[in-house]
Amino acid sequence: MDAAFIERGIALVGAIAVGVTATVQLKNDWTARGLDADLTKVLLGLMALGCVIALLAAVNLLGVRS
Amino acid sequence: MAAAAARHLSGTEAVAARYRDVDPVYGETRDIRLLGFVFFLLSDCILFSSFIFAYVYLRISAPAWPPFLNGHQLPWFDTSFAAMNSIVLFGSGVTMHFALENWKHLNKAKFNGWLIATILLGIGFLGGQAHEWSVVGISWTATTMGAAFFTLTGMHGFHVFVGVCYLTVLGLQANGGTYTGSKYFGLTAGTLYWHFVDVIWVFLFFLFYIW
């Protein structure tokens, strides 16, 4: 087992765990009002998007170089 | 009166009603300070955007990417390690969110636990970046690729370092009695800053390791 395989495995598991948690938090905060709450929603959403990108990179669907 | 009205509200509205009830002046100054902090984040966003656009311009105008150096094409960056390190940083965003939520619910022990987890994950990310810099195989000055990579990731790493120091100070302040269950703007600002640093990395990760 090479290092890249282990790194991708950790990234995959982590991306699912963090992405799901961020999405659940986003859902819980969805009805919150105010500038800080709105900004938090945008930032949490972008962070969840980051988790999706990391997940796709971990399974070699993104970032594959020829 | 406001406390009774707050029972029908949820989330931030309830918190806002609560602190206005406790201290109307604090409620007003908090909004002004929050707006000032958002402007600070916007100015930081412009700073990163400028460097990101410079990198995009350099890349799309280059005849080949990665560029050639001494007749050899430079290697791509290591996606697998960066994906793992990214998750460390994104995870710290979630733990910071939990820390603030626990402070709002007056659970100081859990707040401390999540805050320490955030700081440790932030330090872990910085360690990962230091490792990445040591094995990346390009220099700051030889190519535009190296210049853009070290400048942007260095600037981001500096923000993470400042964030780690910031969160440490916030933790000390929170345990020293600076904040209460109704007055905790510093913690809100710290959380927003940390989320912002996370989101900047989403863009940098995509630009350097995916694109």
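Helix axes here are lines fitted to C-alpha atoms over the stretch in contact, and angles run from 0 to 180 degrees between N-to-C directions. The model is predicted. It scores ipTM 0.94 and pTM 0.89.

**Chain A**

Chain A has two helices and zero strands. Its radius of gyration is 15 Å, well over the 11 Å that the globule rule gives for 66 residues, so chain A is more spread out than a compact globule. Along the principal axes, the C-alpha atoms of chain A fill a box of roughly 50 × 20 × 15 Å.

**Packing between the chains**

Helix α2 of chain A (residues 35-58) packs with helix α4 of chain B (residues 79-104). The angle is about 155°, and the axes lie 9 Å apart. Angles over 145 degrees count as roughly antiparallel. α2(A) and α4(B) are therefore roughly antiparallel to each other. The crossing of α2(A) past α4(B) is left-handed.

On the α2(A) side, the contact involves A:M47, A:G50, A:C51, A:A54, A:A57 and A:A58. They meet B:T79, B:A83, B:S86, B:I87, B:F90 and B:G93 in α4(B). By class, this contact has eight nonpolar, four polar and no charged residues.

**Confidence in chain B**

The mean pLDDT of chain B is 90, and 90% of its residues reach 70 or more.

| Helix of chain B | Residues | Mean pLDDT |
|---|---|---|
| α1, lowest | residues 2-6 | 47 |
| α5, highest | residues 108-135 | 97 |

Over residues 1-6 of chain B, pLDDT stays under 50. For these residues the model has nine contacts beyond four places in sequence. Where pLDDT is low, the predicted coordinates should not be read in detail.

Note on methods
Residues are numbered from 1 along each chain as its sequence is written. Chains are lettered from A and ligands numbered from 1 in the order in which they are written. This is a predicted model: local features need pLDDT of at least 70, side-chain atom pairs count only at pLDDT 80 or more; totals for chains, interfaces and linings use all residues. Helices (H or I, at least four residues) and strands (E, at least two) are DSSP runs, numbered from the N terminus. Angles under 35 degrees count as roughly parallel, over 145 as roughly antiparallel, 65 to 115 as roughly perpendicular and the rest as oblique. A crossing is left-handed if the near helix is turned anticlockwise from the far one by less than a right angle, and right-handed if clockwise. Two residues are in contact if their C-beta atoms, placed from the backbone, lie within 7 Å. Ala, Val, Leu, Ile, Met, Phe, Trp, Tyr, Cys and Pro count as nonpolar, Asp, Glu, Lys and Arg as charged, and the others, Gly among them, as polar. pLDDT is the predictor's confidence in each residue, from 0 to 100. The radius of gyration is taken over C-alpha atoms; the globule rule is 2.2 Å times the number of residues to the power 0.38.
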